[in-house]
Amino acid sequence: MPYIGLKNPYFGPLESDGKDGAVYGTPIKLGGAVAANMTVTTASGEFYSDDALTENVSEFVSALIAMELSDLDDEPCVVVLHATKGEDGELRYNVNDVYPFGGIGYYKRIMKDGKVSFKAFFYPKCKAAPVDDKGQTKSNSVTFQTSTVNFTVYAPASGDWKMTQTFDNEADALAWVLKKYGADNPPQEPGGSGEEASV
């Protein structure tokens with residue numbers, strides 16, 4: 001089925017990770033979603049006997065989500081990249097910063113047999129890597145620049161490293177993502193104070 005849209009990427013700091021589920025701090029929207037590309041790393045092994053392959057094992061090790069955003073505001077940098085924001089508004093990144101684990105959620109708009117639906121994704125335990133920066137001088141054509149944050153996906157204590165569910169409408173997909181962080185845990189919007197993202 002073709003994907004024709006991507007919206008509302010969130011990150012919620014992981015406060016505890018247990019076999020019965022995880023507990024998160026206040027989730028924050030990372031920014032405007034441009035792309036989310038996930039690749040999986042597996043450990044595999046093969047066993048041969050009688051000159052033939054008799055066993056083949058392939059197990060999840062980790063995954064990488066390349067989250068491309070329209071911009072990365074100060075608030076997500078503080079939460080996701082452990083940057084320190086001074087009273088003057090300056091952000092500081094220290095070599096000793098320890099990036100926190102957190103859960104990532106977002107949803108895609110999909111089309112199948114002429115019907116639109118929304119597939120939500122949630123990764124319970126992720127950690128960001130330092131973010132590259134890029135820029136380009138102004139020329140005779142406009143080139144838009146984006147920010148990409150690479151997240152490593154780990155297997156949580158429950159073993160469920162990825163969750164998805166498909167909905168008929170966008171509001172339900174967003175509600176499912178936000179509920180993963182806790183029913184009484186309203187999200188923080190960059191530059192705002194706790195209002196939910198629009199669908």
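How much accessible surface does the chain have, and what percentage of it belongs to carbon and sulfur atoms? The accessible surface comes to about 11,700 Å², and carbon and sulfur atoms account for 47% of it. The structure is a predicted model, in which local features need pLDDT of at least 70 and side-chain atom pairs count only at pLDDT 80 or more, while totals for chains, interfaces and linings use all residues. Residues are numbered from 1 along each chain as its sequence is written, and side-chain values use heavy atoms, with hydrogens and water left out.

The pLDDT, which is the predictor's confidence in each residue on a scale from 0 to 100, averages 86 over the chain. A score of at least 70 is reached by 86% of the residues. Among the elements, the lowest mean pLDDT, 88, belongs to strand β5 (residues 52-69), and the highest, 96, to strand β11 (residues 163-167). Where pLDDT is low, the predicted coordinates should not be read in detail.

The chain contains two helices and 11 strands. These elements are DSSP runs numbered from the N terminus, with helices (H or I) of at least four residues and strands (E) of at least two. Their order from the N terminus is β-β-β-β-β-α-β-β-β-β-β-β-α. Of the 199 residues, 35% are buried; buried denotes under 20% relative accessible area, exposed over 50%, and partly exposed the range in between (1.4 Å probe, protein chains only). Among contacts (heavy atoms within 4.5 Å) with a separation of 6 or more, 65% link residues 24 or more positions apart.

The largest nonpolar core has 24 residues, and Met-67, Tyr-106, Tyr-123 and Phe-151 have the most contacts inside it. Two or more residues of this core come from each of β1, β5, α1 (74-80), β8 (101-112), β9 and β10 (147-153). Another core lies apart from it and has 14 residues, including Phe-118, Phe-167, Leu-174 and Leu-178. A nonpolar core is defined as a set of buried Ala, Val, Leu, Ile, Met, Phe, Trp, Tyr and Cys residues joined through side-chain atoms within 4.5 Å. With residues up to four places away in sequence set aside, Met-67 touches Pro-9, Leu-30, Ala-35, Ala-36, Ile-104, Tyr-106, Ser-147, Thr-148, Val-149 and Phe-151. One of these partners, Ser-147, is in strand β10 and counts as buried because its relative accessibility is 19%. Under the exclusion of residues up to four places away, Ser-147 is in contact with Met-67, Glu-68, Leu-69, Asp-71 and Leu-72.

The structure holds 11 aromatic pairs. Rings of Phe, Tyr and Trp (its six-membered ring) pair if their centres lie within 6.5 Å; planes under 30 degrees apart count as stacked, over 60 as edge-to-face and the rest as tilted. The pair of Tyr-24 and Phe-122 is edge-to-face because the ring centres are 5.8 Å apart and the planes stand at 85 degrees. Tyr-24 belongs to strand β2 (residues 21-24) and Phe-122 to strand β9, so this pair ties together parts 98 residues apart in sequence. Tyr-24 is buried at 7% relative accessibility, and Phe-122 is buried at 2%. Tyr-24 also pairs with Tyr-181, with centres 5.6 Å apart and planes at 85 degrees, so this pair is edge-to-face. Tyr-181 lies in the segment after α2 (170-179), so its pair with Tyr-24 in β2 ties together parts that are 157 residues apart in sequence. Both tyrosines of this pair, Tyr-24 and Tyr-181, are buried. One aromatic cluster is formed by Phe-60, Tyr-106, Phe-121, Tyr-123 and Trp-161.

Two lysines are placed over the ring of Phe-101: the charged end of Lys-125 is 4.8 Å from the ring centre, and Lys-127 lies over the face at 4.3 Å from the centre. The criterion is that NZ of Lys or CZ of Arg is within 6 Å of the ring centre and within 35 degrees of the ring normal.

Two further positions were examined. Glu-15, in strand β1 (residues 3-18), is exposed because its relative accessibility is 58%. Beyond its neighbours within four places in sequence, Glu-15 is in contact with Val-23, Tyr-24 and Gly-25. The C-alpha atoms of Glu-15 and Pro-100 are separated by 9.3 Å, although the two residues are 85 residues apart along the chain. Ser-117, in strand β9 (residues 115-128), is buried, with a relative accessible area of 11%. Not counting residues up to four places away in sequence, Ser-117 touches Lys-108, Arg-109, Ile-110, Thr-166 and Phe-167.

Notes: Accessible areas come from the Shrake-Rupley method with a 1.4 Å probe; for residues, only the protein chains shown count as cover.
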